[in-house]
Each structure stands twice: as structure tokens, then as C-alpha cells.
Amino acid sequence: MKVNLKYGIKTYSGTIDEMTYGSYRKNTICIGRKYVKPRLTDQNTLIGSKMKNLAIIYEDVSDSYKLELKQYALLNAVNVPKEKLLPNAYALWVKMMFKFAKADPEHIDLTTLTYSDLQTMGDDILSIASAVVNGYMANVPGAETLTANM
């Protein structure tokens with residue numbers, strides 16, 4: 001639910017009194033939800049191991065690529081309805097990686113993938129421009145100029 005705070009406070013991020021709050025759209029929207037501790041399943045464990053591995057890989061990605069990924073995230077606003085929250089650069093990168101793995105599940109396993117593996121077999125996603133051309137990211141005006149290598 002959308003939250004309106006008192007005393008001129010626009011947004012807050014964190015958990016207080018069994019409520020979790022998040023700050024979105026450059027600190028202009030605050031969303032609140034009841035805190036629920038999820039139950040652990042095999043799917044949670046699998047997704048968790050994939051996400052931990054992707055976080056390790058993302059640390060090795062070049063700074064110029066990350067900067068262009070942030071630019072792409074802003075350009076991607078044309079694909080997101082006004083009432084929806086914009087995905088950030090990291091979220092778009094993770095989505096791209098899951099599409100990349102789905103395209104070749106026999107050779108790409110996100111739990112064991114490494115940065116050097118991406119350098120050798122990730123030509124389709126080496127830059128944002130190539131990822132857009134190959135269908136791993138949505139096409140937006142100006143994406144063709146984002147050519148920094150991962």
C-alpha cells in the first residue's frame with residue numbers, strides 16, 4: 001500500500017513494528033507491506049544460490065557497463081506504465097541473465113556460472129546494445145549507443 005508519513009517525511013526504507021517500508025522513484029513514493037517471514041522451500045534455496053552467484057559476478061562487471069546499465073534503466077521507463085515502479089539497473093541485469101540462461105539451459109547454469117564464462121560464451125550479452133539486439137533486453141531509444149563491455 002502507498003504510505004503517507006507525517007512531519008514532512010516523504011519516504012522511509014526499513015522494517016518497523018511488523019511493517020516493511022520501501023522508498024521508490026527517487027524518494028517520492030513510499031510503499032508499505034506487512035512483514036512476512038517466508039517459509040523455506042527447495043525453490044527458495046535454488047533461487048537463493050543463483051542470486052548469490054549473480055551478485056558475485058556483478059561485482060566483477062566493469063564500472064562503465066554498470067554506468068550504462070543505469071542509463072538503460074532510466075531509458076527503459078518508456079516500457080513501464082506510470083503506475084508501476086521502475087526496475088533498477090541490477091534488477092534489469094538479473095532479468096537479462098535469467099533470459100540468457102533460459103535460452104541455453106544445457107550449457108548455462110546460473111548457480112555455477114562465472115565472470116570468465118561470460119567473457120568467453122556471453123557474446124550475445126557482452127554489451128547492453130548487443131543484449132537488446134539479441135532480445136535479452138527490451139528495445140528502447142538510445143540503447144544502440146550503450147556499447148561498454150561487461
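Mentor: Let's start with W93, which counts as buried because its relative accessibility is 0%; buried means under 20% relative accessible area, exposed over 50%, and partly exposed in between, with a 1.4 Å probe and protein chains only. Before going on, keep in mind that this is a predicted model, where local features need pLDDT of at least 70 and side-chain atom pairs count only at pLDDT 80 or more, while totals for chains, interfaces and linings use all residues. Residues are numbered from 1 along each chain as its sequence is written, and side-chain values use heavy atoms, with hydrogens and water left out.

Now the rings. A pair of aromatic rings is described by the distance of the centres and the angle of the planes. Here, rings of Phe, Tyr and Trp (its six-membered ring) pair if their centres lie within 6.5 Å; planes under 30 degrees apart count as stacked, over 60 as edge-to-face, and the rest as tilted. The structure holds 4 such pairs. One of them joins Y58 and W93, a tilted pair at 5.0 Å centre to centre with 55 degrees between the planes. That pair links distant parts of the chain, with Y58 in helix α1 (residues 42-60) and W93 in helix α3 (residues 89-103), 35 residues apart. Helices here are DSSP runs of H or I with at least four residues, strands are runs of E with at least two, and both are numbered from the N terminus. Y58 counts as buried too, because its relative accessibility is 14%.

F100 is buried at 4% relative accessibility, and Y136 is buried at 12%.

As for what W93 touches, leaving aside residues up to four places away in sequence, the list is L54, I57, Y58, V61, Y65, L69 and M150, where contact means heavy atoms within 4.5 Å. W93 is also among the residues with the most contacts inside the largest nonpolar core, alongside M96, M97, I125, M137 and M150; that core has 31 residues. By a nonpolar core I mean a set of buried Ala, Val, Leu, Ile, Met, Phe, Trp, Tyr and Cys residues joined through side-chain atoms within 4.5 Å. Helices α1, α2 (63-75), α3 and α5 each supply at least two residues of this core, and the largest share, 8 residues, comes from α3.

One last stop is S62, in the loop between α1 and α2. S62 counts as partly exposed, because its relative accessibility is 22%. With residues up to four places away in sequence not counted, S62 touches Y115, N149 and M150. The C-alpha atoms of S62 and N149 are separated by 7.3 Å, though the two residues are 87 apart along the chain.
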